[in-house]
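Please find below a short note for discussion.

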Amino acid sequence: MGVTIHFEGQLSSSNNFDKVIDVSKKFAELNHWEYFIFQEDNKLLERIKDEQDWNYEGSTKGIQLQPDSNSDPFILEFDENLYVQEFCKTQFADLSVHILIINFLKQIQPYFDNFTVDDEGEYWDTFDVKLLQQHVDNCNHASDEMKRENNKMNGPFRLKNGRIIDLMEDDSVPAESPAGDSASIKLS
């Protein structure tokens, strides 16, 4: 459940890494988004390809942007082969955040080979704001129904890593999320 933008691809050259970082910084500054650049010597990236686990362990580098306090962070974390596979949940933020992220992905697309975007709001393919709103409304309706059916169900919650969980039972807040970060705060 949720309106999430999934994306993946490989940069077409090592020079394009610096270009994508530069475009990202400028986009973040223009839109007043916080961001930071990072590099990790050894990190496990949990990935899925054709419904199979396809994890990577090794050095990574990239940039993380925070589009909105009610969205996931937007992360471009590249492995040593300059490949990225990420997602950003936007359903709890204003529609304009989703639209800005899609516009940003369109800007950086030319720097990639085999760049794919799976937009659960369908805005990537259609540029249809009404359809995007319909997807958000459907998710909110489904969430409300689940809360009505189970009075212990609540959400959304933000994890310490910045990711958002749509729903979970309040009295069973997990000590560790699948990503290894404890649940921290409930979004308002």
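1. Asp166 has a relative accessibility of 8% and therefore counts as buried; buried means under 20% relative accessible area, exposed over 50%, and partly exposed in between (1.4 Å probe, protein chains only). The model is a predicted one, in which local features need pLDDT of at least 70, side-chain atom pairs count only at pLDDT 80 or more, and totals for chains, interfaces and linings use all residues. Residues are numbered from 1 along each chain as its sequence is written, and side-chain values use heavy atoms, with hydrogens and water left out.

2. Asp166 forms a salt bridge with Lys89, the closest N and O atoms being 2.4 Å apart. A salt bridge is a side-chain nitrogen of Lys or Arg within 4 Å of a carboxyl oxygen of Asp or Glu. Lys89 lies in strand 7 and Asp166 in the loop between strand 11 and strand 12 (168-169), so the pair ties together parts 77 residues apart in sequence. Strands (E, at least two residues) and helices (H or I, at least four) are DSSP runs, numbered from the N terminus. Lys89 is also buried, at a relative accessible area of 10%.

3. Salt bridges that share partners join Asp72, Glu86 and Arg163 into one network. The N to O distance is 3.5 Å for Arg163 and Asp72, and 2.8 Å for Glu86 and Arg163. Glu86 is in strand 7 (residues 83-89), whereas Arg163 is in the loop between strand 10 and strand 11. Both Glu86 and Arg163 are buried, and so is Asp72.

4. By this rule, the salt bridges number 8.
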